[in-house]
Amino acid sequence: MVRHIRQHLVYPEKARRMGITGTAICEFIIMKDGNIKELHLKETSGYASLDEAARQAIKHASPFPKPPVAARIIVPVTFSLK
């Protein structure tokens with residue numbers, strides 16, 4: 001799942017130029033149809049632009065593979081310049 005989200009991750013250009021890194025912890029529910037609901041930030045990266053990019057990556061990665069039952073997911077989204 002993290003790999004799928006990373007495919008949709010866009011590192012904010014200004015943050016990249018400034019060398020800003022961090023990890024945003026996001027929480028959401030994957031419904032039985034694979035769509036998400038209740039997406040929110042559980043823990044900030046410390047930078048609003050990274051937090052928003054993490055939420056957008058999850059939104060764009062949806063729908064996810066359909067689980068047998070709705071599932072609450074907590075996932076770290078890391079921004080690194082390595």
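Here is a short tour, from the whole chain down to single residues.

**Before you click.** This is a predicted model, so keep its ground rules in mind: local features need pLDDT of at least 70, side-chain atom pairs count only at pLDDT 80 or more, and totals for chains, interfaces and linings use all residues. Residues are numbered from 1 along each chain as its sequence is written, and side-chain values use heavy atoms, with hydrogens and water left out.

**Stop 1: the whole chain.** Colour by secondary structure and you'll find three helices and three strands; helices (H or I, at least four residues) and strands (E, at least two) are DSSP runs, numbered from the N terminus. Starting at the N terminus, the order is α-α-β-β-α-β. The radius of gyration is 13 Å, close to the 12 Å that the globule rule gives for 82 residues, so the chain is as compact as a globular protein of that length. That radius is taken over C-alpha atoms, and the rule is 2.2 Å times the number of residues to the power 0.38.

**Stop 2: select residues 22-30.** This is strand β1. Is it mostly covered or mostly open? Mostly covered: eight of its nine residues are buried, meaning under 20% relative accessible area, while exposed is over 50% and partly exposed lies in between (1.4 Å probe, protein chains only). Across the chain, buried residues make up 37% of the 82.

Stop 3: You've now picked up β3, which runs antiparallel to β1 and is joined to it by nine bridges. Strands count as paired if DSSP finds at least two bridges between them. For one such link, show Thr23 and its bridge partner in β3, Thr78.

Stop 4: Ile30 has Ile36 as its bridge partner in β2. What do β1 and β2 form together? A hairpin, with five residues between the two strands. Zoom in on Gly34 in the turn, where phi is positive, at about 95 degrees.

**Stop 5: jump to Arg3.** Look for Arg3 in helix α1, residues 2-6. Arg3 is exposed, with a relative accessible area of 69%. To finish, draw a distance line from the C-alpha atom of Arg3 to that of Asn35: the two residues are 32 apart along the chain, and these atoms are separated by 17 Å.
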